[in-house]
Amino acid sequence: MLTPDPESHWFGFRRVTPDEKTGFVREVFTSVASRYDLMNDLMSGGLHRLWKDRLVRLMDPRPGQTILDVAGGTGDIALRCARRTDGKARIIVCDLSSAMLAEGRAKMVDQGILGGIEWITGNAEELPLPARSVDTYCIAFGLRNVTRIDKALSEAARVLKPGGRFFCLEFSPGVKPLLKPVYDRFCMEVLPRLGALVAQDRDSYQYLAESIRKFPDQKTLAKRMEIAGLSQVRWTDLSGGIAVIHKGFKS
């Protein structure tokens, strides 16, 4: 049997208490919020845009649905969903960092989207939403930063309606063998240097690189989703397993 929440005592490669980890993660994203989107482009060579496009195509948001975007602070997924539904879905963005949410709201104004999106400061482990209230739950590049991943997965199952769908887009340590040496070197050597140069924050991007190493591989995450109450769990590797989309249903 899998041990619940093995990541809760690790902030990257640093041993911490669960409460400390949550605080440290909030500090990281408060620090990088203003450069977060730019760093995503540099970190992935722009591939994150294609991965997010693929995620939203799989989500297939529809008018009238309630869509919850967890750890969605800068609004990339919310923006795509709003456009696909012509502003006729209820889109809720929940993020631990109010600074990230501020960046997301500003982005929507810049894009001419002035309504239809709710912004909530909250923790994925304790969502401020009633049970069975959400049609689609998504979390993009956020689950590996959650202190108690299994608790967050259980919360996702709680808020989803019967038949509701769960989607997670995340970096993965389960990269194809031919890519893994280059990928690992990029994460551990290049990414922190980019953080220092562009965001003036090497430590935050050192943590983000280490957090990928600590995240479960595809099979392990799928099993943890099933334990949390999600069914028909599947995943799709992107770019040789550098990123992965996991999908599940609430029975």
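**Figure 1. Phe171 of strand β7 meets its partner in β9.** Here Phe171 has Ala243 of β9 as its bridge partner. Strands β7 (residues 160-171) and β9 (residues 243-250) run antiparallel and are joined by seven bridges; helices (H or I, at least four residues) and strands (E, at least two) are DSSP runs, numbered from the N terminus. This is a predicted model, in which local features need pLDDT of at least 70 and side-chain atom pairs count only at pLDDT 80 or more, while totals for chains, interfaces and linings use all residues. Residues are numbered from 1 along each chain as its sequence is written, and side-chain values use heavy atoms, with hydrogens and water left out.

**Figure 2. The open sheet of seven strands.** Follow the order β5-β4-β3-β6-β7-β9-β8, with mixed pairing; two strands pair if DSSP finds at least two bridges between them. At the edges sit β5 (117-121) and β8 (230-238), each of which pairs on one side only. On average, neighbouring strands are turned by 15° against each other, direction ignored. Helix α4 (residues 76-84) packs on this sheet and touches β3 (66-70), β4 (90-95), β5 and β6 (134-140), where contact means heavy atoms within 4.5 Å. The direction of α4 makes about 180° with that of β4; axes are lines fitted to C-alpha atoms, for helices over the stretch in contact, and angles run from 0 to 180 degrees between N-to-C directions. Helix α5 (residues 98-110) lies across β4 and β5, running at about 165° to β5.

**Figure 3. A closer look at strand β3.** Five bridges join β3 to β4, and the two strands run parallel. Thr66 has Arg90 of β4 as its bridge partner. Five of the five residues of β3 are buried (under 20% relative accessible area, with exposed over 50% and partly exposed in between; 1.4 Å probe, protein chains only). Thr66, Leu68 and Val70 point one way from β3, and Ile67 and Asp69 the other way. In a regular strand, side chains alternate between the two faces of the sheet.

**Figure 4. Helices α7 and α8 side by side.** The axes of α7 (residues 180-198) and α8 (residues 202-214) come within 7 Å and cross at roughly 160°. That angle makes α7 roughly antiparallel to α8 (angles under 35 degrees count as roughly parallel, over 145 as roughly antiparallel, 65 to 115 as roughly perpendicular and the rest as oblique). Residues making the contact include Tyr183, Cys187 and Leu191 of α7 and Tyr205, Ala209 and Ile212 of α8. The contact residues divide into nine nonpolar, two polar and five charged; Ala, Val, Leu, Ile, Met, Phe, Trp, Tyr, Cys and Pro count as nonpolar, Asp, Glu, Lys and Arg as charged, and the others, Gly among them, as polar.

**Figure 5. Helix α1 against α8.** Helix α1 (residues 18-32) and α8 pack at an angle of about 125°, with their axes 10 Å apart. The two helices are therefore oblique to each other, and their crossing is left-handed. Look for Val25, Val28, Phe29, Ser31 and Val32 in α1, which meet Ser204, Tyr205, Tyr207 and Leu208 in α8.

**Figure 6. Ile212 and its surroundings.** Ile212 is found in helix α8 and counts as buried, because its relative accessibility is 5%. Not counting residues up to four places away in sequence, Ile212 touches Arg144, Phe171, Ser172, Pro173, Tyr183 and Cys187. Asn145 lies 67 residues from Ile212 in sequence and 9.2 Å away in space, C-alpha to C-alpha.

Note on methods. A crossing is left-handed if the near helix is turned anticlockwise from the far one by less than a right angle, and right-handed if clockwise.
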